[in-house]
Amino acid sequence: MTVARTAVQRAVADAHRREWAAVLATTVRVAGDLDLAEECVQEAYVAALDAWTRSGVPAKPGAWLTTAAKRNAFDALRRADVLRSKLHLLVESDVTETAIAPEAPAVHDDRLRLVFMCCHPALSLESQVALTLRLVCGVAVADIAKAFLAAETTVAARITRAKKKIAAARVPFQMPGPADLPERLDAVLTVIHLVFTTGHTAPSGGQLTRTDLVEFAIDLARMLNQLMPTEREVRGLLALLLVNHARRDTRTDSSGRLLLLEEQDRSLWDRAGIAEGHRLIVSALADGPPGRFTLQAAIAGLHATASTYAVTDWEQIVTLYDELIKVWPSPVVELNRAVAAAMVHGPAFALRLVEQLECDGRLNGYRYLPAIKADLLRRLGRTAEAVAFYRQALVLAENDAEREFLTGRIAACSAR
Amino acid sequence: MAQYAILIYDKELPGGVADMPQEILDGHMAVPEKIEKIGAKIVNAQATQPTSTATTIRKGGVITDGPFIESKEALAGFFVIEAENLDQAIAVGKCVPVMEGGIEVRPLIQE
């Protein structure tokens, strides 16, 4: 039986998206070496294209790929003892792991071990992001480089360095112990969130979103939520991504101009995404004191479920920001709180908050501070001052959509 | 098991160990027991004399007074430990008290 080539290609692409992490994580255990495991998995996907064309797409593509990749690894290990080098990866057996942390919840999934290894705090944040995209999502190095506007050689070198450190310093392929879990999980969520925001707001260049990165981030959050169903913050992160992503079609107009929340056509928001996010938020809030991702999701959720900008529950949003500042003190959060406070207490009140933030200097060079200050001044009728701060924001803006928005505001204020 | 160097960098006190706050001293006394509890093993533990006693030989053989790198925090001592993996070595590093500096964990080259 031969299957149409395009159908097989689609099946392989689908298996790449759904199964890569599981296939690689299982193969790592056999290969004991990240490079070898990656090669073997890559080969298995290539072989699948021919084999599935010849004899049909298997009922369980993931199992087929895992078997093939593991066989490749066994063959390679038999062929060359060289591979059993000093840089052998530290793969713990389940037995030792349970012996070390018998009280740990029984989370036995190699995909989780892979994620926690890629997001180990002993690696730089850039390396964590690149490794996660390469090893967990199976993204090609060239594509990672493109997404982060870096040279391919730079990203390749970063990944190689990280793999060497993992081997030499023995970063374990295992779940962190219960004492370290909250901190380590936060690191994982931070990486996923960074992948999302990089895709959501392209830091520079012409396009405002990079859909692929956004989808990888959502897939990762979904996988994590499925594997760690009791972790509220995982639920919070997934909800945050879903709700923000639900507004994807309305963030710019047809010509690519940036639209503010108040200008967006709410009827075009993805209701299913918002509803799913809302369910996750409610369940995360019900389970205990919320962390920073759950609180951010709750804020985004209030925006997403309000029928208009004006009727948004701004008081509740300010309250949520107060909670967020408690669990995650950050000047950026204080700035966002000021924006919400302007809706409750007026622009003059908010301007005082923004000016305090400006004085303390922690947000020097942060492009949204002058932009927000300019907007408050504009609303107070102080247009000349507003123009000056729009100009400051324009110098700091990093993508065309934002630049165009600011130029428009300057023109409008100057015309008055 | 693998070996790691646990390098302690901290501010130098005029009177050395004699000037150390009591809680830091107590913290150091408790380290061996904590390391054992973590499941790691001390191979070697050393404290160094202050950098004012150090001598550096520069490239070309020139002898100078003082440490190789002058900085606010200086190498104060080190452990060589045997640990299961980096997580265990980091756990060991975390139980070593410091006043203002930090701890560096370095895997050792092994055959």
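On the contact between the two chains: 14 residues of chain A touch 12 residues of chain B. This is a predicted model, so please take everything that follows as computed from it.

The size of an interface is often quoted as the accessible area that is lost when the parts come together. For chain A and chain B, the buried area is about 960 Å², and carbon and sulfur atoms account for 48% of it.

Now the charges. The rule finds two salt bridges across the interface of chain A and chain B. Lys94(B) pairs with Asp180(A) in a salt bridge, with the closest N and O atoms 4.0 Å apart. As for polar contacts, there are four residue pairs between chain A and chain B, counting pairs with both residues at pLDDT 80 or more. On the side of chain A that touches chain B, the classes come out as six nonpolar, two polar and six charged residues.

Next, the helices. Two packed helices are described by the angle between their axes and the distance between those axes. In chain A, helix H1 covers residues 5-31 and helix H5 covers residues 110-118; they pack at about 85°, their axes 8 Å apart. Angles of 65 to 115 degrees count as roughly perpendicular, so H1(A) is roughly perpendicular to H5(A).

Which residues make the contact? From H1(A), they are Ala21(A), Ala22(A), Leu24(A), Ala25(A), Thr26(A) and Arg29(A). H5(A) brings Asp110(A), Arg111(A), Arg113(A) and Leu114(A). By class, this contact between H1(A) and H5(A) has five nonpolar, one polar and four charged residues.

Terms used: Residues numbered from 1 in each chain as written. Chains lettered and ligands numbered in written order. Predicted model: local features only at pLDDT ≥ 70, side-chain atom pairs only at ≥ 80, totals over all residues. Heavy atoms only, no water. Contact = heavy atoms within 4.5 Å. Buried area = accessible area lost by both parts, 1.4 Å probe. Salt bridge = Lys/Arg side-chain N within 4 Å of Asp/Glu carboxyl O. Polar contact = N/O pair within 3.5 Å; in protein donor to acceptor, adjacent residues only side chain to side chain. Nonpolar A, V, L, I, M, F, W, Y, C, P; charged D, E, K, R; others polar. Axes fitted to C-alpha atoms, helices over the stretch in contact; angles between N-to-C directions. Helix = DSSP H or I, 4+ residues; strand = E, 2+ residues; numbered from the N terminus. Parallel < 35°, antiparallel > 145°, perpendicular 65-115°, else oblique.
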